[in-house]
Amino acid sequence: MSWAITENTVCLVTGASAGIGKETARGLAALGATVVIAGRHAERTERVAHELRQSTSNPRISHLIANFSSLDEVVRLAAEMSDRHAKLHILINNAGVWHQHRRDSQDGFDDTFAVNHLAPFLLTRLLRHRLIESAPARVITVSSTLHKLSRRIRFDDLDHRRRPGWFGLAPYAHSKLANVLFSRELARRLEGTGVTSNCLHPGNVATTVVRDSRLLSIGIQVGRLFLLTPTEGARTSLHLATAPELDGVTGGYFASCQQQQPSSAGQDTETASRLWRVSQALCRLDDRDVRRTEASTSGPKDRYEVTIRYREGVFASYAGLPVRTYSGVFRVQGADEVEACDQARAEFEHLRRVSSVAWPRDIVEVLCRRLD
Ligand SMILES: NC(=O)c1ccc[n+]([C@@H]2O[C@H](COP(=O)([O-])OP(=O)(O)OC[C@H]3O[C@@H](n4cnc5c(N)ncnc54)[C@H](OP(=O)(O)O)[C@@H]3O)[C@@H](O)[C@H]2O)c1
């Protein structure tokens with residue numbers, strides 16, 4: 001079946017209350033699709049939906065509200081989307097933030113990592129069956145060329161407590177590398193389902209994404225002449241969503257509507273698979289109402305005992321004071337040692353978040369032993 005956008009094409013665009021997402025939604029609506037826009041502020045998102053209905057003369061534009069800082073709200077968004085529409089053909093993971101200073105998400109993660117990576121990961125996982133049932137379907141994730149500044153996924157410091165970086169650049173670049181790896185791993189896991197997954201860099205676009213940084217915002221104002229408009233910035237997202245010639249094209253990274261190579265870190269399949277498993281554990285997907293049909297969760301599992309040696313009060317070490325070391329023992333299941341350690345780390349991270357200890361805990365060593 002050849003790919004064509006009609007009123008029966010159901011699209012969900014996240015972060016569509018402003019910038020690139022809003023213009024992507026406008027482009028899809030102008031082609032006559034049924035478009036759901038997701039935003040975090042009810043009034044603003046409702047206003048944008050109204051404006052898009054008027055400017056495109058397409059009445060099939062509605063909105064849903066979710067703050068991606070909260071994984072529970074992402075779960076609610078997925079449920080409301082599924083209740084509202086029996087089909088989903090195009091999912092555009094566009095919402096994103098740049099924080100100048102590290103801040104916690106509502107679940108206690110680094111907010112940049114939570115909003116830019118964990119939320120689209122969870123949303124896509126929860127809508128996966130809807131997409132497969134609606135195939136052919138497309139998942140498009142808005143990354144950035146800045147993913148190239150991040151050389152690896154920091155599995156030992158996903159929360160950026162140790163290296164927050166300047167102006168929030170390191171956490172942002174890291175989250176955008178996570179987008180590239182997520183999109184690639186999703187493509188691999190969806191092979192043969194008729195659902196494709198691609199990611200993109202939209203270009204350097206004059207939006208308010210860096211509003212948290214006064215300096216960068218001034219830079220955007222000054223450089224406005226050299227930057228793309230949000231309409232131009234939506235072109236690659238729209239190309240990936242609509243081009244019939246991209247039928248079956250999956251696992252790619254695009255910029256200026258052309259397929260390009262992401263960084264070498266963005267092509268690391270082992271890291272992509274590990275990030276998937278860690279994200280799944282961090283989102284506590286096993287506890288949520290999701291059918292467990294993923295390759296890595298259906299294989300045989302062994303039982304492991306994982307000892308995590310950690311120290312509390314890492315600030316003490318910065319001040320040159322002695323720090324005390326503790327151990328936590330976790331009994332987990334995994335297909336191999338790496339998966340077992342990841343499960344234990346996720347469990348440890350969860351405990352750290354829900355415990356009342358204010359000081360960050362630093363992992364010193366992780367020891368894994370297979371149980372007979
Ligand atoms: N602009 C660029 O040059 C550039 C370059 C490369 C990649 N990107 C990526 O492009 C995407 C769109 O960014 P943009 O430039 O269009 O920025 P933008 O104008 O700030 O739009 C970002 C969108 O994400 C939403 N959002 C932010 N935090 C959220 C949260 N906690 N929960 C739910 N929604 C949230 C925003 O909602 P509110 O309206 O409520 O804030 C807004 O709708 C992002 O993923 C960004 O990383 C942008």
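1. β4, α4 and β5 form a right-handed β-α-β unit, right-handed meaning that, with the strands pointing away from the viewer, the path from the first strand over the helix to the second runs clockwise. Helices (H or I, at least four residues) and strands (E, at least two) are DSSP runs, numbered from the N terminus. The model is predicted, with local features needing pLDDT of at least 70 and side-chain atom pairs counting only at pLDDT 80 or more, while totals for chains, interfaces and linings use all residues. Residues are numbered from 1 along each chain as its sequence is written.

2. Strand β4 (residues 90-93) is joined by four bridges to strand β5 (residues 137-142), and the two run parallel, with L91 standing opposite V139 in β5. β4 also pairs with β1 in the parallel sense, over three bridges, where pairing requires that DSSP finds at least two bridges between two strands.

3. Both faces of β4 are covered, since I90 and I92 on one side and L91 and N93 on the other are all buried; buried means that 20 or more other C-beta atoms, placed from the backbone, lie within 10 Å of a residue's own.

4. V10 lies in strand β1 (residues 10-14) and is buried, because 22 other C-beta atoms lie within 10 Å. Its C-alpha atom is separated by 6.4 Å from that of I90, 80 residues apart along the chain.

Conventions
A residue is buried if 20 or more other C-beta atoms lie within 10 Å of its own, exposed if 12 or fewer, and partly exposed in between; C-beta atoms are placed from the backbone.
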